[in-house]
Amino acid sequence: MKRVNILDCTLRDGGYLIDSQFGNTAIKGIIRGLTDSGTDVIECGFLKDEPHQKGSTIFNHAAQLRPFLPEDRRQASYVCLADFSRYTIENLEPYDGTSIDGVRACFFKHERHDVINFCKSIKEKGYKLYVQPVDILGYTDFELLGLIEEVNKLEPYAFSIVDTFGSLYRDDLQRIFYLVHHNLLGSAKIGFHSHNNLQMSFALSQEFIELTQGLRQVVVDSSMAGMGRGAGNTNTELVMQYMNRKFNSGYDIDIVLDLIDNYIDGFHNQYEWGYSIPHFLAGSYSAHVNNISYLSTKAGIASRDINYLLNRLGANARKRYDYDLLEKLYIEYLDTLCEDEQSLRELKSQLQGKNILMLLPGHSIVSHKGEIESYCHEKNPVVISVNLLSHDYPINFAYFSNKNRYQYWQSATHFKEYKKIVTSNVTTATGPNQWVIDFTRLVKCGWEQLDNSGILLLRLLDQLEVNSIAIAGFDGYSHNADNQNYIQKAMEKTRNTLNASEANEDIRSMLEDYMNTRTLDCPITFITPSLFESVTKGENHVR
C-alpha cells in the first residue's frame, strides 16, 4: 500500500469558480484521465441538497455518479465532499461498489459536536470516512484534541489538516501535524488540504510529505493547474512530479498535462485563480476570499486599503463575509482620507531640527513630574502632548489621533488655546492652530493596536525630521487593580475589554518595527519608566 496518496480535487474545489458546471464531457474525461494517470483518489464533486443538473459536479446521491466513472478503475478511489450544513445524509444510499467509495465530511468548528452522527452514518452506510474540519488553524490545541478524541471512536479512514484560508506557515503545519499524529488513531491516514494565498501551498505539501516519512500513511490534496477559488490549491502536476522524482511513484504526468490542455486551460481563459496580492492579504488574516472579491470591486481601492480594512474587520468576522459590514467599514475608511501636504509643510517648518518631548497620558507623568520638569529646563524641548491637555506641563502642541479623547477635551475651557495636530480619523477640519494629517499616512497594519497614538506620532515625527525625541508617560498597560494606567481615571480602558499582556506585546512589536524601518537618525530616550524602554536601546537599532 502506498504511503502517500494524491487526491485530486479539481472537480470539487475547481467547481467553486464555475458554479460546478464542468459539462458532462469534461467530467468524464477528467475522471478517466486522472484514473489512467495513476491518481490515487479522485474527488468527483459535492453531495448537496439541491437538484443535480446536467454537466454539474453537484450530486444528490451516489447513484448519479455511476455514468461518469470508468469501467476499469485500476487502483483509483472515488469520493465526494458532503458539507454537514448542506447535505441530508439520509439521501445517501448504502455503498454497493458501483459508485463512489468514500465521503469527505466537511464542517465548521461550531458544528464539530453535531457532525459526529453525520460521520457515523457515512461509516454505517459502508463508505470510507474522511473527516475534514474547516480552518484547522482556527482551533485551539484543546479544541482539536477534543475533536480527535470524538473522531477516534468512529475509526475514520482519514482525518485532514485543512488550511481553509491559506494561512499556514511551516511551523504551524509542524505543530498541528504532530498534535494530530500523536493523538489520532494509528490506522487513520492524515490528509493535507492547502490553499496558495501565501505562495506556500506546494512547499507545504512537500514539507508535509517529508514530515510524515515513516510515521503515517497520508493523503495530499491537489488540483490540476491549481484550479480553485481565489488563490487556488497545490498543483496536481507539481506534486506528481515531486513524488516521481523523490519516491519513483510512477504517476503519468503526460496524461495530466493533456487534461490541463484539453479542459482546464479553457476554464482558465474565462476565470481567474492563483496567487495575487489581495489573496495574499486574505491568507495573512485568515479571511474568507469573498471579502477580498467584494473589496476589490471598489473603484480606486489600493492593496494597503484592503490590508487596513481586513485588519479592522476582526478575527471572527473575517472568516465569514458580511457585505453590509464591509460597506460600513469602507465608507468610514474613506472619511479618514484627506489632503495633508500643506499641513506637513507647515509643521515641518516649525519642528524640523528641534528637540521633541512626547508627553503621553500614562500615570508616570504624575509620579515622575520632577524628572520631566528637569528635562524641560535643561533641553527646552518642543512639548507635544498625546491625547492630553494639562496646565501642569508646558505643552506647545496637542496631538490627537483618538477621536474619543479629542471630543472629551473639546469641551474644556482652555481647548482653543492649544495648537493642535490631529489625524483625519478624528476630524478633517483645519484652522489657524489646527493641522490635520492623513491617518492612512501613519497607520500600518498587522497589529490589533495599530492605531496606538504614541506609535503614530513617532511615525509623524520621522517625517518631520526632528533632532531628538524624549518620551514620558508611555508606560504600558496593567490589569493590576492597584495600578493606574492613565493620568486620569476617566481615561482608563474597561479592564474586561483589554488584555494588558497582549496589548503590551502588540505595542512592543510595533515599536520594534518603527525602530527598524524609520528613516530619521535621531536619539530616542525615555524620561519616565516604560515597559518599552528596552526596545529603543537594542543593538539592532544603532545607526
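This is a predicted model: local features need pLDDT of at least 70, side-chain atom pairs count only at pLDDT 80 or more; totals for chains, interfaces and linings use all residues.
Biologist: How many helices and strands does the secondary structure of the protein come to?
Modeller: The C-alpha atoms fill a box of roughly 90 × 45 × 45 Å along the principal axes. Within the protein, the secondary structure comes to 20 helices and 16 strands.

Biologist: Of the residues of the protein, what percentage count as buried?
Modeller: A residue is called buried when its relative accessible area is under 20%. The protein has 543 residues, and the share that count as buried is 57%.

Biologist: Among contacts between residues at least 6 apart in sequence, what percentage join residues at least 24 apart?
Modeller: Contact here means heavy atoms within 4.5 Å. Among contacts between residues at least 6 apart in sequence, the share joining residues at least 24 apart is 72%.

Biologist: At what angle do helix H4 and helix H5 pack, and is their crossing right-handed or left-handed?
Modeller: Helix H4 spans residues 141-152 and helix H5 spans residues 170-183, with axes 10 Å apart. On the H4 side the contact is formed by Asp141, Leu144, Leu145, Ile148 and Asn152, which meet Arg175, Ile176, Leu179, Val180 and Asn183 in H5. By class, these residues are 6 nonpolar, 2 polar and 2 charged. The packing angle is about 35°, and the crossing is right-handed.

Biologist: Which residues of H5 and H6 make the contact between these two helices?
Modeller: The axes of H5 and H6 come within 10 Å and cross at roughly 35°, and the crossing is right-handed. By class, the contact has 6 nonpolar, 1 polar and 2 charged residues. It is made by Arg170, Leu173, Gln174, Phe177 and Tyr178 of H5 together with Leu204, Glu207, Phe208 and Leu211 of H6.

Biologist: How many nonpolar, polar and charged residues does the contact of H6 with H7 have?
Modeller: Helix H6 (residues 201-211) and helix H7 (residues 236-247) have axes that come within 11 Å and cross at roughly 35°; H6 passes H7 in a right-handed crossing. From H6 the contact draws on Phe202, Gln206, Ile209 and Glu210, and from H7 on Leu238, Val239, Tyr242, Met243 and Phe247. The division by class is 7 nonpolar, 1 polar and 1 charged.

Biologist: Which residues lie nearest the centre of the second largest pocket?
Modeller: The second largest pocket has a volume of about 700 Å³. The elements giving two or more residues to its lining are helix H1 (10-13), strand E4 (77-83), strand E5 (102-107) and helix H10 (289-296). The lining divides into 13 nonpolar, 8 polar and 9 charged residues. Of the 30 lining residues, those nearest the centre are Tyr16, Val134, Thr164, Arg229 and His288.

Biologist: Why is H10 described as largely enclosed by the rest of the structure, and which of its residues are buried?
Modeller: H10 is largely enclosed because 6 of its 8 residues are buried. The buried residues are Val289, Asn290, Asn291, Ile292, Tyr294 and Leu295.

Biologist: Is Arg74 buried, exposed or partly exposed?
Modeller: Arg74 lies in the loop between strand E3 (58-59) and E4, and has a positive phi of about 50° although it is not a glycine. Its relative accessibility is 46%, which falls between the limits of 20% and 50%, so Arg74 counts as partly exposed.

Biologist: Is Asn387 buried or exposed?
Modeller: Asn387 also is not a glycine, yet has a positive phi of about 55°. Asn387 is placed in the loop between strand E11 (382-386) and strand E12 (397-400). Its relative accessible area is 5%, under the 20% limit, so Asn387 is buried.

Biologist: Which residues does Ser385 touch, not counting residues up to four places away in sequence?
Modeller: Ser385 is found in strand E11 and is buried, with a relative accessible area of 0%. Leaving out residues up to four places away in sequence, Ser385 touches Leu359, Ile395, Phe397, Ala398 and Tyr399.

Biologist: What distance separates the C-alpha atoms of Thr427 and Ser401?
Modeller: Thr427 lies in the loop between strand E13 (419-423) and strand E14 (434-437), and is buried at a relative accessible area of 17%. Beyond four places in sequence, Thr427 touches Tyr406, Val422, Gln434 and Val436. Thr427 and Ser401 are 26 residues apart along the chain, and their C-alpha atoms are separated by 9.2 Å.

Methods:
Residues are numbered from 1 along each chain as its sequence is written. Side-chain values use heavy atoms; hydrogens and water are left out. On a 1 Å grid over the protein atoms alone, a cavity is a set of points where a 1.4 Å probe fits but cannot get out, and a pocket is an open set with protein on both sides within 12 Å along at least five of seven lines; lining residues have an atom within 4 Å of a point. Grid points are joined across faces, edges and corners, and a volume is the space filled by probe spheres set on the points. Helices (H or I, at least four residues) and strands (E, at least two) are DSSP runs, numbered from the N terminus. Ala, Val, Leu, Ile, Met, Phe, Trp, Tyr, Cys and Pro count as nonpolar, Asp, Glu, Lys and Arg as charged, and the others, Gly among them, as polar. Axes are lines fitted to C-alpha atoms, for helices over the stretch in contact, and angles run from 0 to 180 degrees between N-to-C directions. A crossing is left-handed if the near helix is turned anticlockwise from the far one by less than a right angle, and right-handed if clockwise. Buried means under 20% relative accessible area, exposed over 50%, partly exposed in between (1.4 Å probe, protein chains only).
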